[in-house]
Each structure stands twice: as C-alpha cells, then as structure tokens.
Amino acid sequence: EQAAARRAVVWLNNAQNDDWGWPYYVGGDSDANSTALGILALRTVTPQDRSARVPNAIDYLATLQFPCSTATGGALPYQAGGAASSLASSEAIASIGARLPVEPSTSLKRNPPCGKGSLTRLASYVAAQISTAGALPSDLGTGQDLGSTARSVIGLTAMGVGRAAVRTGTRTLVAGARDYALKDGVANPGSLGLLLMVAEATGTSPRSFGGVNLVSTLTGSMQ
C-alpha cells in the first residue's frame, strides 16, 4: 500500500503545472478543486512530501482568492475569473486547514473576520455563508450543498474557529443526513464517509446521526 501511495505521489508531482496548480486532466489548465485535492493527497501520504510543492500550491490558491472588499471575500472560484465556488472553497479549507481525521474541539473560537492570511479569509467566507444560510449554496444555483458544508465544518473544526458556523452546519447536516447519505434509499458511501468525519470532528454520535447509523450503513454497503 505504501509503495502504491508513493507511485501516486510521483504521478501527482509530474501532473502539477508550472503555476503550481493541478489540472482536472493532465495538460489542462489548473483549477482550485483539483489543486486542493492534490494538496490533501500530498499532506496525507506518509512519509510527508518535503518539497515545496504543497506550499507553492497553497500560494497558487491564494492568487485566485476574492479580496475581502468584495461580497464574496475569501472565497475561491473554480478557475481565475470565475464566480465564487462552494466546492472549491470547501475542498481548499478541508485540504489546507485539516489533517484527517479531525478530533473534536471543546473550545472553538468565533467565526473569523476576513483579514490577514489566505486560510483565515477562506474560513471567514465559509463560516459566514453557513451561519447565515445554514449551509453553503450549491454551485449549480439551487439548494444547499451538504458535501461542501460537511468539508467546511471539518476544516473549521480543525482550525479551531467558526463556532457558530460549525454548530449551524452540523445541525443542517444532521437534519439532511437521510436524504444526503441515502439517495432514493441507496447508500452513498462518499456521503456517508464525509458525515462520519463530521461526526468525529464534532463529537456527534455516528450511530444516530439524523436517524442514520452511519457506521452500519457504510459497512453494509460494501460489496
């Protein structure tokens, strides 16, 4: 398994663009989503990648960030020039702000203001969105994005900030757990896994998360 992980690291290193971002497909333009996932992979593998690839990739994301003076200050677009993206912003905060799995925190600080530091600005954006609307909005233009909300709750908890947002976001996720994790009655392993990480990060019971036993439902979906 470790050998396979190291081969994947080599592949990711070769796929990274000259601007230090990662593309959706090799040779394409860099985007925030793919870059955040690349960062998460390199920060998760053991032993850690000690090169400048991760810091440089984080710097690349900062170049895309909306300034605090705008209505979407702190957010990330999918690519430069695009609109604020819940998916890109949540993947970035989970990748940069967290090392998975995240342990519960009993002393979260308040929602941070948009100020110094790209990670703080990112936390400010997702925390404000969740506190105001209960969840991050879908990039498709309708409804809530529970996956992005879950990633943001995990990232905020890992950073030790966003007390109001974490509480509000967790309530939203608990309320929507059944529809999110059991689409048309069929278990969605990816959604269940995210909710399990939220449960771990927030100290919520994974065996009674909005009426869903996340553990048995996930293991029961194995084929």
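**Notebook: a walk through the predicted model**

I started at Asp179, which sits in helix H8 (residues 177–181). I take helices as DSSP runs of H or I with at least four residues and strands as E runs of at least two, numbered from the N terminus. Asp179 is exposed, at 64% relative accessibility. My scale calls a residue buried under 20% relative accessible area, exposed over 50% and partly exposed in between, with a 1.4 Å probe and protein chains only.

Residues are numbered from 1 along each chain as its sequence is written, and side-chain values use heavy atoms, with hydrogens and water left out.

**Disulfide**

How many disulfides does a search of the whole structure find? I got one, counting a pair of cysteine sulfur atoms within 2.5 Å. It joins Cys68 to Cys114, with S to S at 2.0 Å. The pair links distant parts of the chain, 46 residues apart: Cys68 is in the loop between helix H3 (53–64) and helix H4 (86–97), and Cys114 is in the loop between H4 and helix H5 (118–133). The link of Cys68 and Cys114 is left-handed, with -80° about the S-S bond. Cys68 is partly exposed at 34%, and Cys114 is also partly exposed, at 27%.

**Backbone entries**

Still between H4 and H5, I stopped at Pro101, which lies in that loop. A cis peptide bond joins Leu100 and Pro101, with omega about -10°.

I then noted positive phi values in residues other than glycine. Trp20 has phi near 80°; it is found in the loop between helix H1 (2–15) and E1 and is partly exposed at 34%. Asp184 has phi near 55°. Asp184 is found in the loop between strand E5 (182–183) and strand E6 (186–187), and is exposed at 82%.

**Around strand E1**

Leaving out residues up to four places away in sequence, Pro23 touches Ala15, Asn17, Gly28, Asp29, Ser30, Asp31 and Ser34; contact here means heavy atoms within 4.5 Å. Pro23 and Asn33 are 10 residues apart in sequence and 8.6 Å apart in space, C-alpha to C-alpha.

Tyr25 is found in the loop between strand E1 (22–23) and strand E2 (30–31), and Tyr25 is exposed at 58%. With Tyr24 and Tyr78, Tyr25 makes a nonpolar surface patch of about 420 Å². Patch residues have over 30% relative accessible area and no salt bridge; like charges are joined within 9 Å, nonpolar side chains (Val, Leu, Ile, Met, Phe, Trp, Tyr) within 5 Å. A salt bridge is a side-chain nitrogen of Lys or Arg within 4 Å of a carboxyl oxygen of Asp or Glu. The areas come from the Shrake-Rupley method with a 1.4 Å probe, and for residues only the protein chains shown count as cover.

**Core**

Last, I went inside. The largest nonpolar core has 53 residues, and those with the most contacts inside it are Leu61, Leu156, Leu173, Leu195 and Phe209. A core is a set of buried Ala, Val, Leu, Ile, Met, Phe, Trp, Tyr and Cys residues joined through side-chain atoms within 4.5 Å. I followed Leu173: neighbours within four places in sequence aside, Leu173 is in contact with Leu146, Thr149, Ala150, Val153, Leu195, Val198 and Phe209.

Note on methods: Predicted model: local features only at pLDDT ≥ 70, side-chain atom pairs only at ≥ 80, totals over all residues.
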